[in-house]
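Subject: Structure for you to look at

Hello,

Here is the structure I promised to pass on. Please open it first, then read my notes beside it.

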Amino acid sequence: LDIGANIGEITLLAAKRVGINGRVYAFEPMDNIANKLTQHIELNHFTQVEVHRCALGNELNNQMPIYSSCGQQVKDKNEGLGSLYRKDNQEQPIQYVELTTMDIWVTQQPDIHKIDLIKIDIEGAELACLQGAKETLKKFKPKIIIEIQDFSAERAGYKATDIIDLLSELGYEFFRIEKAGKLIPITRADLLDFQNVLCIHHEDTNKIR
């Protein structure tokens, strides 16, 4: 599950990894970005990828406003970013999207019998996504790669350590992903202002040694 797929950098890598017998589910609610994501999937002739134009959080809302990247100034090749949280009360939505929870979405997919990996990078909505995914995480115990940063967490009204606390309660251990894929074991006390974190359930037989 690639949550916050943007134009597909991780989605395409995952599609190559799982092959034609695997499946990648890419979530990108912003229409202009999802259109490019779909185009990139088609250009690569990947039939093992599904694009879902919805956001994942901790509630249901058919008309959820989405804003411009949680107030960040973004200049990158990924066409900008969207966030469910705005920088101030004056900011206007750039689009309205469907919001559901991972738990509800998964129960609607009868063909899903296991989930190996979930990547989450959704500009402040990471905690809400996890709150709406607890049953899925308990059932499948997937590896998780998640962006954790102070800026977007503060905009969304929580602390970055809240993500670690929630996943710790579900039995996860944590590794900061550094340059060249180096993994550093961390606790909540080791969080930096920004990092990507690999989360592995303590029952995972493929744990990092």
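**Salt bridges**

R176 and E178 form a salt bridge, with their closest N and O atoms 3.6 Å apart. The term means a side-chain nitrogen of Lys or Arg within 4 Å of a carboxyl oxygen of Asp or Glu. R176 is buried, at a relative accessible area of 9%. E178 is partly exposed, at 34%. Buried means under 20% relative accessible area, exposed means over 50%, and partly exposed is in between (1.4 Å probe, protein chains only).

Before you go on, a word on the source. This is a predicted model, in which local features need pLDDT of at least 70 and side-chain atom pairs count only at pLDDT 80 or more, while totals for chains, interfaces and linings use all residues. Residues are numbered from 1 along each chain as its sequence is written, and side-chain values use heavy atoms, with hydrogens and water left out.

How many salt bridges does a search of the whole structure find? The count is 9. One of them joins the side chains of D2 and K119, at 2.7 Å from N to O. D2 sits in strand β1 (residues 2-3) and K119 in strand β8 (residues 117-120), so this pair ties together parts that are 117 residues apart in sequence. Helices (H or I, at least four residues) and strands (E, at least two) are DSSP runs, numbered from the N terminus. Both D2 and K119 are buried.

D165 and R188 make another salt bridge, with the closest N and O atoms 2.8 Å apart. D165 is in helix α7 (residues 160-169), and R188 is in the loop between β11 (183-186) and β12 (194-201), so the pair ties together parts 23 residues apart in sequence. D165 is partly exposed, with a relative accessible area of 26%. R188 is partly exposed too, with 41%.

**Aromatic pairs**

Rings of Phe, Tyr and Trp (its six-membered ring) pair if their centres lie within 6.5 Å; planes under 30 degrees apart count as stacked, over 60 as edge-to-face and the rest as tilted. The count comes to 2 aromatic pairs. Y25 and W105 form an edge-to-face pair, 5.2 Å centre to centre, with 75 degrees between the planes. Y25 is in strand β2 (residues 24-27) and W105 is in helix α3 (residues 102-107), 80 residues apart. Y25 and W105 are both buried.

F27 and W105 also pair edge-to-face, at 4.9 Å centre to centre and 75 degrees between the planes. F27 lies in β2 and W105 in α3, so the pair ties together parts 78 residues apart in sequence. F27 is buried, as is W105. Which residues do the ring pairs link into a cluster? They are Y25, F27 and W105.

**Nonpolar cores**

A nonpolar core is a set of buried Ala, Val, Leu, Ile, Met, Phe, Trp, Tyr and Cys residues joined through side-chain atoms within 4.5 Å. The largest one has 48 residues. Those touching the most other members include L1, I3, M102 and L167. Helix α7 gives the most to this core, with 5 residues. L167 touches L130, L137, I144, Y172, F174 and C199, leaving out residues up to four places away in sequence. Contact here means heavy atoms within 4.5 Å. Another core lies apart from the largest one. It has 9 residues, among them A5, V24, I41 and F46.

**Helix α1**

Look at α1 (residues 9-18) next. T11, L12 and A15 are buried there. Seen down the helix axis, the buried residues fall within an arc of 95 degrees, so they line one face of α1. The arc is that of the directions from the helix axis to the C-beta atoms. On the other side, L13, K16 and R17 are exposed. The buried residues of α1 pack against β1, β2, α2 (31-43) and β3 (49-52). Just after α1, G19 takes a positive phi of about 75 degrees.

**T107**

Last, find T107 in helix α3. T107 is exposed, with a relative accessible area of 66%. A polar atom of the T107 side chain lies 2.6 Å from the backbone oxygen of I104. T107 and Y158 are 51 residues apart in sequence and 28 Å apart in space, C-alpha to C-alpha.

Best wishes

Notes:
Polar contact = N/O pair within 3.5 Å; in protein donor to acceptor, adjacent residues only side chain to side chain.
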